[in-house]
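Here's a quick tour of a protein chain, written for someone just getting started. Have a look at the picture first, then read on.

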Amino acid sequence: MEPNVRFWITERQSFIQRFLQWTELLDPTNLVVSIEKIEKSRQLLLTNEDASIRDSEDQRIKEAWKRSLSTVHPDNSKLIPVPLRPAALLPFTAPMIFFSMMSVKSLKSLILPQVSFYAYTTAFNIVNGNASYTRRLHESLLLGTGVIASSSFFGLFPRLLQMRLHNVLLKKALPIIILTHVSAMNVVAARSLEPIRGIEVMDKEGNVMGYSRKAGTKAVKDTAASRVVLFGTSAFIPEVFSHFFVRTQFFRQYPWSLWTFKLSCTVLVMGLMVPVSFSIFPQIERIQRSELEKEIQSATEETELFYNRGV
């Protein structure tokens, strides 16, 4: 069985345990670890199939799990490209969200941060989604291009309305609402093939029982919900803090400090919310056999099956 799949199935973690686990997996050093070290770590895990990250006192085993879980896709055992690994989400998207939420007088100044944000999140969602079903390269490219274009349009078009609003509360709230809803829509669109073609469901030994469209739908739905929590909170809290910051004497003396304050706040909030959002649902989720298609129900006597939700 793929070591990462084995880990997420056997380690029945609570939300707090998953959160602590993700704080380690999101370590920026996981972006610069060499391929040679990753391969050695994977070989160590393959030869120590009973190794548990919690029970093992061997530091090499713990480090091997950290490298494997943070760099290798559990469905195809391939390396995740460095810019699209989970640890890269914060440094790439935090500045984009900051610039996307800035008050602007011209729509042109929003085009680059908005398109950049949705281009990155689309690629991230496709690469870190479920990869157990058949998908050709040209399908991914066409799908990704369409999702980037539609997300950018739906992200930019309502900002035209914002420029014509005179209500201060609505002008502040509208960008947050847009970002939250379009981010969820981006997940659904980028991973739209999963509910159509179905994704692998397996037993606790890793034996594939079939492809389920119902599991694919649930995987996409849960991931979209986690993005609402991530980007909605990351956009909302800095706006609230900034609202009070501009009323301080410090801001009156140093008006330029708002940019520094808001960027720092965005990075800090996202730094907390990324592991929180990744921990809301397990990466390998459980689903009752009775909830799946009849052909899968007839293929096994197991009452509980598993599938990769993705990140």
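Let's begin with one side chain: glutamate 63 has a relative accessible area of 28%, so it counts as partly exposed. Keep in mind that this is a predicted model. From here we'll go through charged pairs, the nonpolar core, a surface patch and some record entries.

**Charged pairs**

- By the rule used here, the count comes to 11 salt bridges.
- Glutamate 63 is in one of these, with arginine 67 as its partner, and their closest N and O atoms are 3.7 Å apart.
- Another salt bridge joins the side chains of lysine 66 and aspartate 27, at 3.0 Å from N to O.
- Lysine 66 belongs to helix α4 (residues 59–71), while aspartate 27 is in the loop between α2 (15–25) and α3 (35–47), so this pair ties together parts that are 39 residues apart in sequence.
- Are the two partners buried or exposed? Lysine 66 is buried, because its relative accessible area is 14% and the cut-off for buried is under 20%. Aspartate 27, at 23%, counts as partly exposed.

- Which residues end up in one network? Salt bridges with shared partners join Lys218, Asp222 and Glu285.
- Glutamate 285 is buried, with a relative accessible area of 4%, whereas lysine 218 is partly exposed at 28%.

**The nonpolar core**

- The largest nonpolar core has 47 residues, and the members that touch the most others are Leu179 and Phe278.
- Helix α12 (residues 257–279) supplies the largest share of this core, with 7 residues.
- There's also a second, separate core of 12 residues, and among them are Leu193, Val201, Ala215 and Ile296.
- What does phenylalanine 278 touch, if you skip neighbours within four places in sequence? Its contacts are Trp22, Leu26, Pro86, Leu89, Phe124, Arg227, Arg309 and Val311.

- Leaving out residues up to four places away in sequence, leucine 89 touches Ala94, Tyr120, Phe124, Leu230, Val274 and Phe278.
- Where is valine 274 relative to leucine 89? The two are 185 residues apart in sequence, yet 8.1 Å apart in space from C-alpha to C-alpha.
- Methionine 96 is in helix α5 as well, and its relative accessible area of 15% makes it buried.
- Again leaving out residues up to four places away in sequence, methionine 96 touches Pro113, Ser116, Phe117 and Tyr120.
- Methionine 96 and proline 113 are 17 residues apart along the chain, and 5.4 Å separates their C-alpha atoms.

- Phe153, Phe154, Phe157, Leu160 and Met185 make a nonpolar surface patch of about 460 Å².
- Which helix gives the most to this patch? That's helix α7 (residues 137–163), with 4 residues.
- Leucine 160 is found in helix α7, and its 30% relative accessibility means that leucine 160 counts as partly exposed.

**What the UniProt record says**

- In an unreviewed entry, UniProt lists residues 110–128, 140–161, 173–193, 228–246 and 258–281 under "transmembrane region".
- In this model, residues 110–128 are 100% helix and 0% strand, and the C-alpha atoms at the ends are 27 Å apart.
- Residues 258–281 are 92% helix and 0% strand, and the end C-alpha atoms lie 35 Å apart.

Technical notes
Residues numbered from 1 in each chain as written. Predicted model: local features only at pLDDT ≥ 70, side-chain atom pairs only at ≥ 80, totals over all residues. Heavy atoms only, no water. Core = buried A, V, L, I, M, F, W, Y, C linked by side-chain atoms within 4.5 Å. Buried < 20%, exposed > 50% of the residue type's maximum accessible area, 1.4 Å probe, protein only. Helix = DSSP H or I, 4+ residues; strand = E, 2+ residues; numbered from the N terminus. Contact = heavy atoms within 4.5 Å. UniProt positions renumbered as here; feature names shortened; annotations may be inferred. Patch = residues over 30% accessible without salt bridge, like charges linked within 9 Å, V, L, I, M, F, W, Y side chains within 5 Å. Areas by Shrake-Rupley, 256 points an atom, 1.4 Å probe, with all protein chains shown as cover. Salt bridge = Lys/Arg side-chain N within 4 Å of Asp/Glu carboxyl O.
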